[in-house]
Amino acid sequence: MKTYTIFEINDILKGTIIGTTSNNITSTEELTRAKSSDISFIGNKKYEKLWATSQASVAVVNKDISIEPGENRAFIKVDNADLAMSQVLELFASPMPEFAVDIHPTAVIDASAKIGNGVKIGAGCYVGPRTEIGDATILYPNVTVLDDCIIGKQTVLWSGVVVRERSKIGHQCIVHPNATIGADGFGFRPCAERGLVKIPQIGDVVIGNQVEIGANACVDRGKFSSTIIGDGCKIDNLVQIGHNSELGMFCIMAGNSGLAGSVKLGNGVMIGGSASIKDHTTIGDRAVIGAGSGVTGDVEAGKTMLGYPALEARDTLKQWAIMKRLLNESKK
């Protein structure tokens, strides 16, 4: 069991300790479930009221905290409790699954593939011809990487990931279980004689550095050139990214959201859960798309959009307020 004193934790956080406690910390937990050996956090003032009934000995808090820790309890004040808590969670994180041997004997690796130093490849993996795997990258059991792919250094592909031919994934990326990179784009055209004719998807996928892609997410290959995901993007579970879409740097897409084909996102775009973006749409830098919204046209940089079809958030909220008032009046 990992055990830390409040002083050892604060050596990492570089915060200010308020109060004192003799309890050692053995785990992290939310306020309402914490025990005396746990450390928790208060990232928003509205949760201060939960501290009185919590059993946690220590909480990481923002500097604007307005309560006192109490007897044998302490706060660690920091500029951003959410970010600081990420460091605390790393202290108590379980180790990654272990490999008995670096390359399992049941893995199938083509003779022409280039495998870097310190690479780990689990049972049942397949690495295709002319593929390159960078130093210290990990392929957990049953990962498939097909022909002519390039995987960067220190990247992790969890079990069930499929990387189709010619895809490129950068350094220090994480691809979670059963995600698919480089499947065919959804391209069909009606034909009187042949029904729906499949349009060949001959492009590829290019993923930047430090990208994280969630479980069961799908990134389709381009029809002509590349589907591109920029450095630092974070893609949640069950997200669909259509063919030839391009994401700038540090975009966020929450679960079950989707981009149709040839969508372009600027840098720092945030897309809420279950939002959908029409094909050939451009969304400017730092724009925010609210959860469940349907974007049918271009969005200017910095705008916040909401609703279906999506409008500027303040306009959508006004519409909802008017509709609610009319509904209430109709019931009188």
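With which side chain does the side chain of His243 make a polar contact? The legends below, drawn from a predicted model, start there.

**View 1. His243 and its polar partner.** The partner is Gln201: the two side chains make a polar contact at 2.7 Å. To find His243, look in the loop that runs between strand S26 (240–241) and strand S27 (246–247). His243 counts as buried because its relative accessibility is 16%, under the 20% cut-off.

**View 2. An open sheet of 11 strands.** Follow the strands in the order S8-S11-S14-S17-S22-S25-S28-S31-S34-S36-S37; their pairing is mixed. Strand S8 (120–121) and strand S37 (311–312) form the edges, each pairing on one side only.

**View 3. Strands S17 and S22 side by side.** Here strand S17 (residues 174–175) pairs with strand S22 (residues 212–213) in the parallel sense, over two bridges. Have a look at Ile174, which stands opposite Glu212 in S22.

**View 4. Nonpolar cores.** The largest nonpolar core has 48 residues, and Ile213 and Leu247 touch the most other members. Beyond its neighbours within four places in sequence, Leu247 is in contact with Ile228, Ile229, Gly230, Cys233, Ile235, Ile241, Met253, Leu259 and Leu265.

Note on methods. Residues are numbered from 1 along each chain as its sequence is written. This is a predicted model: local features need pLDDT of at least 70, side-chain atom pairs count only at pLDDT 80 or more; totals for chains, interfaces and linings use all residues. Side-chain values use heavy atoms; hydrogens and water are left out. Helices (H or I, at least four residues) and strands (E, at least two) are DSSP runs, numbered from the N terminus. Buried means under 20% relative accessible area, exposed over 50%, partly exposed in between (1.4 Å probe, protein chains only). A polar contact is a pair of N or O atoms within 3.5 Å; within protein, one must be able to donate a hydrogen and the other to accept it, and residues adjacent in sequence count only if both atoms are side-chain atoms. Two strands pair if DSSP finds at least two bridges between them. A nonpolar core is a set of buried Ala, Val, Leu, Ile, Met, Phe, Trp, Tyr and Cys residues joined through side-chain atoms within 4.5 Å. Contact means heavy atoms within 4.5 Å.
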